[in-house]
Amino acid sequence: MKALILAVGVLFSAASLASSLTTGDRIEAITLVDQHQAVWELNTNTQVLLFSRGMKGGQIIQEALESLDAPMPDNWRYVADISGMPSLIAKFAAIPKMQDLDFAIGLDQEGEATHLLPGDKETATVIILEGLEISKVIRVDSAKALLDAVK
């Protein structure tokens, strides 16, 4: 019986650790550095948070932002969890390539600041915020879907 209780307890604690933020939850303010080593902040002024956990999601966001007629709005933020990327590839290939982009990308190199954000490696996540409260979470698989989600 003790083994059963222990097993159930482990399952519930693992499930609670693996859960991600959702509609109605509050995101804590985040401060990271971007691809230029400048301070990047997610704060109460942010209304749209674009999040990628993998290269595919990053490509979707990049394509959407590059298709805008104007620069990314000031109340939008883009953050990428690059913790799964080997550090040498990040340092010598990926980050230098990101430096050519016209928009800032908050880089979570450890995966700790974004571990509760919803998302997977195959999609991009659009998180609509009011203050720092999540009002909508939309996972998208194309630049067009991303742009439609933020209209």
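The buried residues of α3 are covered in part by β5 (106-108), where covering rests on contact, meaning heavy atoms within 4.5 Å. Helices (H or I, at least four residues) and strands (E, at least two) are DSSP runs, numbered from the N terminus. This is a predicted model, in which local features need pLDDT of at least 70 and side-chain atom pairs count only at pLDDT 80 or more, while totals for chains, interfaces and linings use all residues. Residues are numbered from 1 along each chain as its sequence is written, and side-chain values use heavy atoms, with hydrogens and water left out.

**Helix α3**

- Ala 90, Ala 94, Ile 95 and Met 98 are buried in helix α3 (residues 87-98). Buried means under 20% relative accessible area, exposed over 50%, and partly exposed in between (1.4 Å probe, protein chains only).
- The arc is that of the directions from the helix axis to the C-beta atoms.
- Leu 88, Lys 91, Phe 92 and Lys 97 are exposed on the other side of α3.

**Helix α2**

- The 12 residues of α2 should span 16 Å at 1.5 Å a residue, and the end C-alpha atoms are 16 Å apart, which agrees. The expected span is 1.5 Å times one less than the number of residues.
- Gly 57, Gly 58, Ile 60, Ile 61, Ala 64 and Leu 65 are buried in α2.
- Seen down the axis, the buried residues of α2 fall within an arc of 160°, so they line one face of the helix.
- Met 55 and Glu 63 are exposed on the other side of α2.
- The cover over the buried residues of α2 includes β3, β4, β6 (124-130), β7 (133-140) and α4.

**Nonpolar cores**

- The largest nonpolar core has 26 residues. Such a core is a set of buried Ala, Val, Leu, Ile, Met, Phe, Trp, Tyr and Cys residues joined through side-chain atoms within 4.5 Å.
- Leu 50, Leu 65, Tyr 78, Ile 105, Val 126 and Leu 146 have the most contacts inside this core.
- β3, α2, β4, α3, β6 and α4 each give two or more residues to this core.
- Ile 105 is in contact with Val 33, Asp 34, Gln 35, Trp 40, Tyr 78, Ala 80 and Met 98, leaving aside neighbours within four places in sequence.

**Strand β3 and Val 48**

- Val 48 is found in strand β3. Val 48 is buried, with a relative accessible area of 7%.
- Val 48 and Arg 77 are 29 residues apart in sequence, and their C-alpha atoms are 6.3 Å apart in space.
- Leaving aside neighbours within four places in sequence, Val 48 touches Asn 75, Trp 76, Arg 77, Val 126, Ile 127, Ile 128 and Val 150.

**Salt bridges**

- The structure holds 4 salt bridges. A salt bridge is a side-chain nitrogen of Lys or Arg within 4 Å of a carboxyl oxygen of Asp or Glu.
- Arg 53 and Asp 81 form one of them, at 3.1 Å from N to O. This pair links distant parts of the chain, 28 residues apart: Arg 53 is in the loop between β3 (48-52) and α2 (55-66), and Asp 81 is in strand β4 (residues 76-81). Both Arg 53 and Asp 81 are buried.
- Lys 144 pairs with Asp 148, the closest N and O atoms being 2.8 Å apart. Both lie in helix α4 (residues 143-149), 4 residues apart, about one turn of the helix.
- Lys 144 counts as exposed, at 58% relative accessibility. Asp 148 counts as partly exposed, at 35%.
- Lys 151 also meets Asp 148 in a salt bridge, at 3.5 Å from N to O. Lys 151 is exposed, with a relative accessible area of 80%. Shared partners join Lys 144, Asp 148 and Lys 151 into one network of salt bridges.

- Asp 34 lies in the loop between β1 (30-33) and β2 (39-42).
- Asp 34 is buried yet has no salt bridge, and the nearest side chain of opposite charge, Arg 77, is 9.3 Å away. Lys and Arg count as positive and Asp and Glu as negative; His and the chain ends are not counted.
- Not counting residues up to four places away in sequence, Asp 34 touches Trp 40, Ala 104, Ile 105, Gly 106 and Leu 107.
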